[in-house]
Amino acid sequence: MRFFLYLCTRFINVTNCMTTEQIILLSDSLDTPTFYGVNNSNMLCLKNQHPDVRVVARGYQVKVTGAEAAITRFEQTLRRCEQFCIRNNRLNEQDILLLIHGEKPHEQASDNLILHGVNGKSIYARSANQRVLAESYMENDLLFAVGPAGSGKTYTAIALAVRALKNKEVRRIILSRPAVEAGEKLGFLPGDMKEKIDPYLQPLYDALQDMLPDAKLAEFMEKGIIQIAPLAFMRGRTLSDAVVILDEAQNATVSQLKMFLTRLGLGGKMIVTGDLTQIDLPASQKSGLRDAIERFKGIQGIRIIEFNEKDIVRHPLVKHIVAAYAKE
């Protein structure tokens, strides 16, 4: 009998000491450099607070080895830190210690916040009409944002699209521009078609690089989750479950804009941006953007937001430059 009890005790002790391995997947919405900290300082802090598990973290995967109960405790802490980092785009050792002990670290005010970008950058609606655009996005499936250069129309639109993608409200982002020359001919630019078109699309790349880490942006573009293409490539497509943005729409013809707008599919949203003072079309052609604004006023589900000089968020001189040209 005594020998039997001894064997039972040994079995219980071995069972309690058994180690398992678990892979924890982090959210795609997480900025991993911020989450891990400089030189992995945040992950080292988490490891020190959970010495009974072995942790190996790389990218969006965290491999944890230890007893099942210890792994569960570590994952609970990890998830609290993950959600805090997503909400605030910030995480440090003090935040981690507070979260471990069930306390709440100070959170950033979220008024007018659209999303957290890379390197700790928070992207806000910075002017009155940028805020109107952000609010109108929730209530309308087709938005027109029209106004002067530097008023943040395109940047805000792309931020809203990236937020929707991160929140899994849509499956794709599609960004487009008409390839219209402004004094130079495409044919004289070196390279193939992509190399000729890329300079027209560079402002869209620039905005995306502020909002998504390089590795994640490259992955999304490789998989077609984010697509950037000239307006001419939109023909024949049905764009469902996507945020579709047409930039520089003042340079689309009436027929081109009609073609673009009729691509809208179920679960999709469109944002059309442009500046009616910078039309590069031949004088004989009417701007599709001007035509659309005249046609769609007052239609439910379509919102037209007119930006002005007060919304300009570039260099202060840009306001004066825009005002000087407006006098003509």
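Ser-136 touches Leu-143, Arg-303 and Ile-305, leaving aside residues up to four places away in sequence; contact here means heavy atoms within 4.5 Å. The residue lies in helix α6, residues 128-137. Because its relative accessibility is 2%, Ser-136 counts as buried, a term for under 20% relative accessible area, with over 50% called exposed and the range in between partly exposed (1.4 Å probe, protein chains only).

Please note that this is a predicted model, in which local features need pLDDT of at least 70 and side-chain atom pairs count only at pLDDT 80 or more, while totals for chains, interfaces and linings use all residues. Residues are numbered from 1 along each chain as its sequence is written, and side-chain values use heavy atoms, without hydrogens and water.

I turn now to helix α11. Helices are DSSP runs of H or I with at least four residues, and strands are runs of E with at least two, numbered from the N terminus. In α11, residues 288-296, the buried residues are Gly-288, Leu-289, Asp-291, Ala-292, Ile-293 and Phe-296. Their cover includes β6 (142-146), α10 (254-261), β10 (269-274) and β11 (302-306). Just after this helix, Gly-298 has a positive phi of about 85°.

How do α10 and α11 meet, and which residues are involved? Val-254, Leu-257 and Leu-261 of α10 meet Gly-288, Leu-289, Asp-291, Ala-292 and Phe-296 of α11. By class, this contact has six nonpolar residues, one polar and one charged; Ala, Val, Leu, Ile, Met, Phe, Trp, Tyr, Cys and Pro count as nonpolar, Asp, Glu, Lys and Arg as charged, and the others, Gly among them, as polar.
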